Amino acid sequence: MTDRVRRASGGQVVYAELKRRILSLDLPPGRRLFEPELSQQLQVSRTPLREALRLLLAEDLLEQLPTGGMVVRSLSASEIEELYSVRAALEGLMAAEAAERMTTESADALKLLVARNQRLVEFADDAMHAGHAFHLKIADIAAHGWAVRLHEQVDGQMARYRAFTNQSQSRRTQALEEHFAILEALITQDAPRARTLAEAHVLGARDTALAAIADRLP
């Protein structure tokens, strides 16, 4: 392995770990990042660390300070509004496309995912991952290239907010009921209804996220 390839692979490993910490809020919004501290924690040299920081800066997960340092990007109500509005449109489009492409195999796969969501609805993290898997499967069935690519970009940015939409049992139960309704529309190949329900589901999550982080916003 050449030094160049080794540095690149090292940078990707550091990038993946720092991104995980940012999206899980282990590195909280507003946290100043200090290279010596991170280098020691991650046991890496400055070169792969700086490469990772540049990638995270390009993804808008970090902000550059006038002094040259970096901080984890703050949570923002306006960002929630924008991200969830875009995602609602994309989820609606993909649900409609998936309804038109529905097969017995696809329907069975979605039923299994919603059943798993139902079994885990009392557990916040597990329910969140199960519900997310349901949405990703719809995207897979839709097979709409541009929508899927754009959805992946938006979905990555939304990861910091997703946990806030799933904290209360009442919201998890409501989201599960909405998943059942979307599933029914997909199975019956009712594309307009699938679109409407998917959009409403995402906008409901938006409202929950805004309420949940109100005390964290400036």
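Trainee: Among contacts in the protein between residues at least 6 apart in sequence, what percentage join residues at least 24 apart?

Mentor: The figure is 76%. Keep in mind that this is a predicted model.

Trainee: How many helices and strands are there, and in which pattern do they follow the sequence?

Mentor: Count nine helices and three strands. Read along the sequence, the pattern is α-β-α-α-β-β-α-α-α-α-α-α. The C-alpha trace spans about 55 × 45 × 30 Å along its principal axes. Of the 218 residues, 42% count as buried.

Trainee: How do I read the sides of a helix?

Mentor: Start with the general idea. An α-helix has 3.6 residues a turn, so residues three or four places apart point the same way. Now take α2, residues 35-42. Its buried residues include Leu-38, Ser-39 and Leu-42. They cover an arc of only 100° around the axis, which puts them on the same side of α2.

Trainee: Which residues of α5 are buried?

Mentor: Ser-106, Ala-107, Leu-110, Val-114 and Asn-117. Their arc around the axis is only 95°, which puts them on the same side of α5. On the other side of α5, Thr-104, Glu-105, Leu-112 and Arg-119 are exposed.

Trainee: What covers the buried residues of α5?

Mentor: The cover includes α6, residues 124-142, and α8.

Trainee: At what angle do the axes of α5 and α8 cross?

Mentor: Roughly 170°, and the two axes come within 10 Å. Here α5 covers residues 104-119 and α8 covers residues 169-187. An angle over 145 degrees counts as roughly antiparallel. That makes α5 roughly antiparallel to α8.

Trainee: Which residues make the contact?

Mentor: From α5 come Ala-107, Leu-110, Lys-111, Val-114, Asn-117 and Gln-118. From α8 come Leu-176, His-179, Phe-180, Leu-183, Leu-186 and Ile-187. Sorted by class, the contact of α5 with α8 has eight nonpolar, three polar and one charged residues.

Trainee: Let me try single residues. Does His-132 count as buried or exposed?

Mentor: Look at relative accessibility. Buried means under 20%. His-132 is at 17% relative accessibility, so it counts as buried. His-132 sits in helix α6.

Trainee: Which residues does His-132 touch, not counting those up to four places away in sequence?

Mentor: Leaving those out, His-132 touches Asp-155 and Arg-162.

Trainee: And where does Leu-65 lie?

Mentor: In the loop between β2, residues 62-64, and β3, residues 70-72. Leu-65 has 23% relative accessibility, so it counts as partly exposed.

Trainee: How many Å separate Leu-65 and Met-102 in space?

Mentor: They are 49 Å apart, C-alpha to C-alpha. In sequence, Leu-65 and Met-102 are 37 residues apart.

Conventions:
Residues are numbered from 1 along each chain as its sequence is written. This is a predicted model: local features need pLDDT of at least 70, side-chain atom pairs count only at pLDDT 80 or more; totals for chains, interfaces and linings use all residues. Side-chain values use heavy atoms; hydrogens and water are left out. Buried means under 20% relative accessible area, exposed over 50%, partly exposed in between (1.4 Å probe, protein chains only). Helices (H or I, at least four residues) and strands (E, at least two) are DSSP runs, numbered from the N terminus. The arc is that of the directions from the helix axis to the C-beta atoms. Axes are lines fitted to C-alpha atoms, for helices over the stretch in contact, and angles run from 0 to 180 degrees between N-to-C directions. Angles under 35 degrees count as roughly parallel, over 145 as roughly antiparallel, 65 to 115 as roughly perpendicular and the rest as oblique. Contact means heavy atoms within 4.5 Å. Ala, Val, Leu, Ile, Met, Phe, Trp, Tyr, Cys and Pro count as nonpolar, Asp, Glu, Lys and Arg as charged, and the others, Gly among them, as polar.
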